[in-house]
Amino acid sequence: MTKIEKTIGILGGGQLGMMLAEAAKNLGFKTNIYCPDHESPAFMYSTYQTIAKYSDKQSLLKFSESVDYITVEFENIPSDTINFISKTDKLFPPSDAIKISQDRLLEKNFCVDNEIATNRYINVVNISDLTDWNYDKKSVMKTRHLGYDGKGQRVINSIKEAEEAFHEFGKKPCIIEEFIDFNIEVSTISVRDTYGNTYTYPPAENTHKNHILDTSEVPASIDKKTENFLRDISTKMIKNLNYIGVLAIEFFILKDSTILVNEIAPRVHNSGHWTLDGSDISQFEQHIRAISRLEILTPKLIYKTKMLNLIGADINIWETKSNSKNEKIYIYGKTETKKGRKMGHVNFLEELK
Ligand code: AMP
């Protein structure tokens with residue numbers, strides 16, 4: 001009997017798409033990567049490539065007809081494209097969850113509506129909205145859309161600085177939120193399948209350099225009670241979003257142990273790259289399982305793992321090295337090294353005690 005190979009379509013061709021395509025291949029799927037950039041890293045691992053703009057309806061139609069399931073590797077895909085694709089019933093995560101994560105205001109509102117703690121915030125659409133905030137304490141202004149790795153965000157200490165930031169961001173819709181003097185930052189990687197099973201990996205403790213993720217370490221330096229609480233919030237969020245696939249949630253933990261949600265990402269996440277070696281089942285495999293209507297599995301933690309991002313020129317030292325038992329090096333194969341660009345990562349492994 002001939003095996004019928006199903007095809008997974010992935011919107012986006014960066015390193016996340018690349019690692020998803022590899023996981024899909026290992027599970028016996030073909031992949032079609034849709035990306036406008038000719039030099040996308042994910043093309044190296046995909047069966048088919050669609051090089052077209054996200055607004056190109058004809059290419060989107062052909063792509064969606066040629067695949068069995070569709071997913072995304074980044075959240076900032078234009079909403080028209082998401083609407084178009086979601087009509088096919090092939091898209092997971094669901095379009096509503098993607099739309100919430102595209103807009104910091106909707107993310108915060110979702111937390112409030114679901115009684116999940118997040119830092120105080122206001123919506124800023126017009127300059128007059130700036131008077132709705134009390135500037136006695138340090139705050140942060142963030143653009144509601146398209147902000148990442150510190151882009152589109154600025155610390156503000158007065159209404160004057162808020163006005164300057166709002167102008168600098170082109171008067172686009174923003175939020176102002178409390179600046180949090182956190183003790184540590186952690187994130188969870190959760191996954192839910194079409195059968196209602198959910199799983200949350202052990203939380204990762206994250207550090208940032210110049211607003212870009214630098215390291216993620218598992219196990220995090222948190223007690224069992226905090227870990228359980230983080231898992232409970234994550235399960236609540238993934239269920240209430242009616243979500244299918246991997247969902248990443250970033251948290252601030254304060255000195256008094258208060259836990260606040262910072263933001264969510266409807267996709268596999270950089271702070272989950274440790275699962276490639278530290279767990280027997282990676283976040284990429286779990287995502288592919290969930291979106292292709294397979295059951296997710298319950299992974300085991302097999303190593304204490306520290307993931308180090310290779311940003312810009314960091315790659316020069318590591319691309320000449322080879323993997324060892326305790327150092328697993330991932331080079332994304334990007335053609336140009338740029339300052340601030342994620343070029344690869346290393347997982348450092350230690351035996352569990
Ligand atoms: P974000 O894009 O919101 O995840 O922000 C990137 C990083 O900036 C976070 O991981 C934090 O390290 C820092 N950051 C963002 N928002 C705040 C805040 N309200 N208070 C303190 N640090 C923040």
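Analyst: We may begin with a single residue and its neighbours, bearing in mind that this is a predicted model. A contact here requires heavy atoms within 4.5 Å. Leaving aside residues up to four places away in sequence, K338 touches G312 and M343.

User: Where in the chain is K338 found?

Analyst: K338 sits in the loop that joins strand 16 to strand 17 (342-350).

User: Is K338 buried, partly exposed or exposed?

Analyst: The class follows from relative accessible area: under 20% is buried, over 50% is exposed, and partly exposed lies in between. K338 has a relative accessible area of 42%, and therefore counts as partly exposed.

User: How far apart are K338 and K137 in sequence and in space?

Analyst: Their separation is 201 residues along the sequence, and 36 Å in space from C-alpha to C-alpha.

User: What does the reading give for F92, in terms of location and burial?

Analyst: F92 also lies in a loop, the one between helix 3 (79-86) and helix 4 (95-101). Its relative accessibility is 17%, so F92 counts as buried.

User: Which residues does F92 touch?

Analyst: Not counting residues up to four places away in sequence, the contacts of F92 are I70, T71, V72, T194, I244, I291 and R293. A further distance concerns H287: this residue is 195 positions from F92 along the chain, and their C-alpha atoms are separated by 9.5 Å.

User: What share of the residues is buried, and what share of the contacts joins residues 24 or more positions apart?

Analyst: Of the 353 residues, 54% count as buried. Among contacts with a separation of 6 or more, 60% are between residues 24 or more positions apart. The accessible surface comes to about 16,700 Å², and carbon and sulfur atoms account for 49% of that area.

User: How is a pocket to be described, taking the second largest pocket as the case?

Analyst: One gives its volume, then its lining. The second largest pocket has a volume of about 400 Å³. Its lining has 22 residues, and M19, E22, N26, L276 and Y330 are the closest to its centre.

User: Which elements supply that lining?

Analyst: Helix 1 (15-26), helix 8 (275-278), helix 9 (283-291) and strand 16 (327-331) each supply at least two residues. Helix 1 provides the largest share, with 5 residues.

User: How many cavities of 30 Å³ or more does the structure have?

Analyst: A cavity differs from a pocket in that the probe fits inside but cannot get out. A search of the whole structure finds 1 cavity of that size, and the volume of the largest cavity is about 50 Å³. The largest cavity is lined by R104, E107, K108, C111, T118, M237, V261, N262, E263 and I264. Helix 5 (104-113) and strand 14 (259-265) are the elements that give two or more residues to this lining. The lining residues comprise 4 nonpolar, 2 polar and 4 charged.

Technical notes:
Residues are numbered from 1 along each chain as its sequence is written. This is a predicted model: local features need pLDDT of at least 70, side-chain atom pairs count only at pLDDT 80 or more; totals for chains, interfaces and linings use all residues. Side-chain values use heavy atoms; hydrogens and water are left out. On a 1 Å grid over the protein atoms alone, a cavity is a set of points where a 1.4 Å probe fits but cannot get out, and a pocket is an open set with protein on both sides within 12 Å along at least five of seven lines; lining residues have an atom within 4 Å of a point. Grid points are joined across faces, edges and corners, and a volume is the space filled by probe spheres set on the points. Helices (H or I, at least four residues) and strands (E, at least two) are DSSP runs, numbered from the N terminus. Ala, Val, Leu, Ile, Met, Phe, Trp, Tyr, Cys and Pro count as nonpolar, Asp, Glu, Lys and Arg as charged, and the others, Gly among them, as polar. Buried means under 20% relative accessible area, exposed over 50%, partly exposed in between (1.4 Å probe, protein chains only). Accessible areas come from the Shrake-Rupley method with a 1.4 Å probe; for residues, only the protein chains shown count as cover.
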